[in-house]
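Visitor: Hi, I've got a model open and could use a hand reading it. Can we just chat through it?

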Amino acid sequence: MTKPSLTELLHAAVSAVGGTERPGQAAMAEAVAGAVDDNAHLLVQAGTGTGKSLGYLVPALAHGERVVVATATLALQRQLVERDLPRTVEALHPLLRRRPQFAMLKGRSNYLCLHRLHEGVPQDEEEGLFDQFEAAAPSSKLGQDLLRLRDWSDETESGDRDDLTPGVSDRAWGQVSVSSRECLGASKCAYGAECFAEAARERAKLADVVVTNHALLAIDAIEGAPVLPPHEVLIVDEAHELVSRVTGVATGELTPGQVGRAVRRAAKLVNEKAADALQTASEGFERVMELALPGRLEEVPEDLGYALMALRDAARTVISALGSTRDKPVTDEDAVRKQAMASVESVHAVAERITQGSEWDVVWYERHDRFGASVRVAPLSVSGLLREKLFTERSVVLTSATLKLGGDFNGVGASLGLAPEGTAGEDVPQWKGLDVGSPFDYPKQGILYVARHLATPGREGSRTDMLDELAELMEAAGGRTLGLFSSMRAAQAAAEVLRERLDKPILLQGEETLGELIKNFAADPETCLFGTLSLWQGVDVPGASCQLVVMDRIPFPRPDDPLMSARSKAVEQAGGNGFMAVAATHAALLMAQGAGRLVRATGDKGVVAVLDPRLATARYGSYLRASLPDFWYTTDPNQVRRSLAAIDAAAKAEGR
């Protein structure tokens, strides 16, 4: 039997999921197959509606070697494992003459820990363990959650938190899960043979396609201890998120509360001298943090330096002592010791990293209303790390609806550690960029309106002209508005003013769960939804409920953001344009994601309104506009109101 062509395979897969074949999807599949066969790297931009999941899954399954697919969001992970992969595997089975296996793999704390469930939780104040089921009143929310978790543990096959519906609070889940550092290890644990996390790893070792998330991919790359099984091909979906997720994993934090917990956990397991030294160091650190003011620390202040050195040295002594306190090989004691060790090691690692003072790290103080002050340390850039760890051993395909910023892939490429496309060199990973377009007719389906007549937004203060403009646009649209704001304060202020002024329901992020908000927004065309960052990227509402997407201002990072300003400064010191490389790229990515909320299906029509004149007047405006879908462009407020009213009238005539 002749080997089936990629066209035949793609046709079978698209038919199986009830989709429509798109030229962009076929072009993407051919490019992915070529990159995989040549062991090359590919950046591919595939607009909403292209069907990019099948565009990479079909050539990946046809390839035959193990493939890891990493996504940023839980929603896409579930879609791949529960919908796309089962149907695609079934459809391709007769053609491939084999049935590729697939599995999902997450970090250990996402799985129920049977040891902790049955043996109890190491307590901060107590020596030994306590039974969380005894401690929590059965009538309390925590008690009810824990009882439900115990019942669920008998029926679940995966132990995966996301398979539990409805879910439980983070506090309840924390009682029945462990981090990788706290885990006893399958060989030492009484429940090792039944462990859900170990079972997930075993399934991943046998699978042809392993679906994971960016965070686990980052841990696998950074920490050197392989979590993912060996693989020939890596596909990174939602690749515009990768740099921020890797930065998050590579960021360390110390708070007085966290250090205090480490002290309590270790105190009764080590000798008095070691425990006292850690307690004293903890108190010294807490005193310094009481006076901490938010902002970047170009140099570590003397008092913080002394406090961190004391913490580092005391933590090192406790770690040595914990390693030698193994009197009885009792599993319960092991669990207590392991949790104490994990807490103290975490304190030691961050304290040592900051005191060593790498020029590639950025250190800053943060202050949180609820949790108080913290000191944080993050890499100035993760590009070198990604170039070295991601692109050397395998073929890498990165895909997203937004990878091409300002008209090319080089901005995103640079953040991933890649030289400009076409650059040749011995240690330079070669890559190609491909934009397969979108099935949508953006100039006919959408309008980009920039409110050029408004005042330039300042850092603080109310923007009454912006709120007036927003009210008029929402009125013309008949509701149907998704408001994307650069801060929660701005979203709250707008909701407060417009709830009084307009006879339209306005939902506000934070007042309900995100899922509930989006469901209610989609259910009623008159309803509007206001919010911040997660709405810029996480809302998928096709149809007449979302016909006006408003951005209150260009979402540049805050000027006092320690990490962004440090990155900008580093680019300038190297002779580049820090503002364009960091702030404008950040804003372009968010605006492209935000504008992508408007047209989600071929019948969708509407307006993206940017209430910030700088998009029309500033020099960088053309770069930002080139990063957005190719909507019809206007700065005429009367024209846009007429268009919105016409779109609203058409939707009402169709009963939507």
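This is a predicted model: local features need pLDDT of at least 70, side-chain atom pairs count only at pLDDT 80 or more; totals for chains, interfaces and linings use all residues.

Visitor: OK. What's the relative accessible area of Phe579?

Guide: Phe579 has 31%, so it counts as partly exposed.

Visitor: And how far apart are the ring centres of Phe579 and Tyr620?

Guide: Their centres are 5.2 Å apart with the planes at 55°, so that pair is tilted. Rings of Phe, Tyr and Trp (its six-membered ring) pair if their centres lie within 6.5 Å; planes under 30 degrees apart are stacked, over 60 edge-to-face, and the rest tilted. The pair links distant parts of the chain, 41 residues apart: Phe579 is in helix 24, and Tyr620 is in the loop between helix 25 (614-617) and helix 26 (621-626). Helices (H or I, at least four residues) and strands (E, at least two) are DSSP runs, numbered from the N terminus.

Visitor: Is Tyr620 buried or exposed?

Guide: Tyr620 is buried, with a relative accessible area of 16%.

Visitor: How many aromatic pairs turn up in the whole structure?

Guide: A search finds seven. One of them is Phe556 with Phe579, tilted because the ring centres are 5.3 Å apart and the planes are at 55°. Ring pairs also link Phe440, Tyr442 and Phe631 into a cluster.

Visitor: What sits over the ring of Tyr633?

Guide: The charged end of Arg625, 5.0 Å from the ring centre. To count, NZ of Lys or CZ of Arg has to be within 6 Å of the ring centre and within 35 degrees of the ring normal.

Visitor: Switching topic: which residues touch the most other members of the largest nonpolar core?

Guide: Leu149 and Leu416, in a core of 90 residues. Helix 24 gives this core its largest share, seven residues. A nonpolar core here is a set of buried Ala, Val, Leu, Ile, Met, Phe, Trp, Tyr and Cys residues joined through side-chain atoms within 4.5 Å. There's also a second, separate core of 39 residues, with Ala266, Leu304, Ala321 and Tyr365 among them.

Visitor: What is Leu149 in contact with?

Guide: Leaving aside neighbours within four places in sequence, Leu149 contacts Leu112, Leu164, Val168, Ala172, Trp173 and Val176. Contact means heavy atoms within 4.5 Å.

Visitor: Now the strands. How many residues of strand 11 are buried?

Guide: Six of the eight in strand 11 (residues 372-379), so the strand is largely enclosed by the rest of the structure.

Visitor: And which way does strand 11 pair with strand 10?

Guide: In the antiparallel sense, over eight bridges, with strand 10 covering residues 361-368. Two strands pair if DSSP finds at least two bridges between them. A hairpin through three residues joins strand 10 to strand 11, and Val363 stands opposite Val377. Strand 8 (residues 252-254) also pairs with strand 11 in the antiparallel sense, over three bridges, and Glu253 stands opposite Arg376 there.

Visitor: Last one: what do the buried residues of helix 1 pack against?

Guide: Helix 2 (23-37), helix 3 (52-63) and helix 4 (74-96). The buried residues in helix 1 (residues 6-16) are Leu6, Leu9, Leu10, Ala12, Ala13 and Val14. After helix 1 comes Gly18, with a positive phi near 70°.

How values were computed:
Residues are numbered from 1 along each chain as its sequence is written. Side-chain values use heavy atoms; hydrogens and water are left out. Buried means under 20% relative accessible area, exposed over 50%, partly exposed in between (1.4 Å probe, protein chains only).
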